[in-house]
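Work through the exercises below with the model open. Try each task before you read its solution.

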Amino acid sequence: YTCRQEILVIEDSTTCSNAFDEYILSPAVQFIGLDCEWNTNRPVSLLQVATPTVVMLVRLCKLNFMLPDNVKLVLEDPTIIKVGVNIENDSDKLGEDCFCKIKSWIDLRHLAIRSCSWGQCIVKQVDNLEWELKFTISMIRAQKVLRKPMVSA
């Protein structure tokens, strides 16, 4: 699999809001990959969002840990499915730190367990699972773009 997504490192509210409008709300994306990073006892410092065309690395520490309204709208929209690994934990942490409640999420670990038999996993094309796994892998690759600490001083 070759990563063909654009990778955006977002460090201000205006850019963040514009990116969510352009890449998620305007094309009416139905699925997004989602992951969060934080240090123990600190707020979420990095929000990672992926679509088929873009990976957005939103440095919340640079946005004073505040989500723009349209980002909250996306995260709370039950018609946009959010996929990730241990996404329930990310949802809870974002809720605590940014006062939003992620709706309609799927933990890929549970789908992977159902797809595995005797240690050999089969990628099933059910509800775009193959596509979701590919752009989740792209999100992991995009993390390598940021080599600086993710929390503010």
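**Exercise 1.** In which sense do strand 2 and strand 5 pair, parallel or antiparallel, and over how many bridges?

Solution. Note that this is a predicted model. Find strand 5 at residues 81-84. Its pairing with strand 2 is parallel. Three bridges make up this pairing.

**Exercise 2.** Find how strand 2 is joined to strand 3, and name the bridge partner of Leu-34 in strand 3.

Solution. Go to strand 3, residues 46-50. Strand 2 and strand 3 run antiparallel. Five bridges join them. For Leu-34, the partner in strand 3 is Val-49.

**Exercise 3.** Why is strand 2 largely enclosed by the rest of the structure?

Solution. Strand 2 spans residues 31-37. Take buried as under 20% relative accessible area. Six of the seven residues of strand 2 are buried, so the strand is largely enclosed by the rest of the structure.

**Exercise 4.** Locate Ala-28 and decide whether it is buried or exposed.

Solution. Look in the loop between helix 1 (13-25) and strand 2. Ala-28 lies there. Exposed means over 50%. Ala-28 has 54% relative accessibility, so it counts as exposed. Check the backbone too: phi of Ala-28 is positive, about 55°, although the residue is not a glycine.

**Exercise 5.** Where is Asn-41 placed, and what is its phi?

Solution. Asn-41 sits in the loop between strand 2 and strand 3. Its phi is positive, near 60°, and the residue is not a glycine. With a relative accessible area of 74%, Asn-41 is exposed.

Technical notes: Residues numbered from 1 in each chain as written. Predicted model: local features only at pLDDT ≥ 70, side-chain atom pairs only at ≥ 80, totals over all residues. Heavy atoms only, no water. Buried < 20%, exposed > 50% of the residue type's maximum accessible area, 1.4 Å probe, protein only. Helix = DSSP H or I, 4+ residues; strand = E, 2+ residues; numbered from the N terminus. Pairing = 2+ DSSP bridges.
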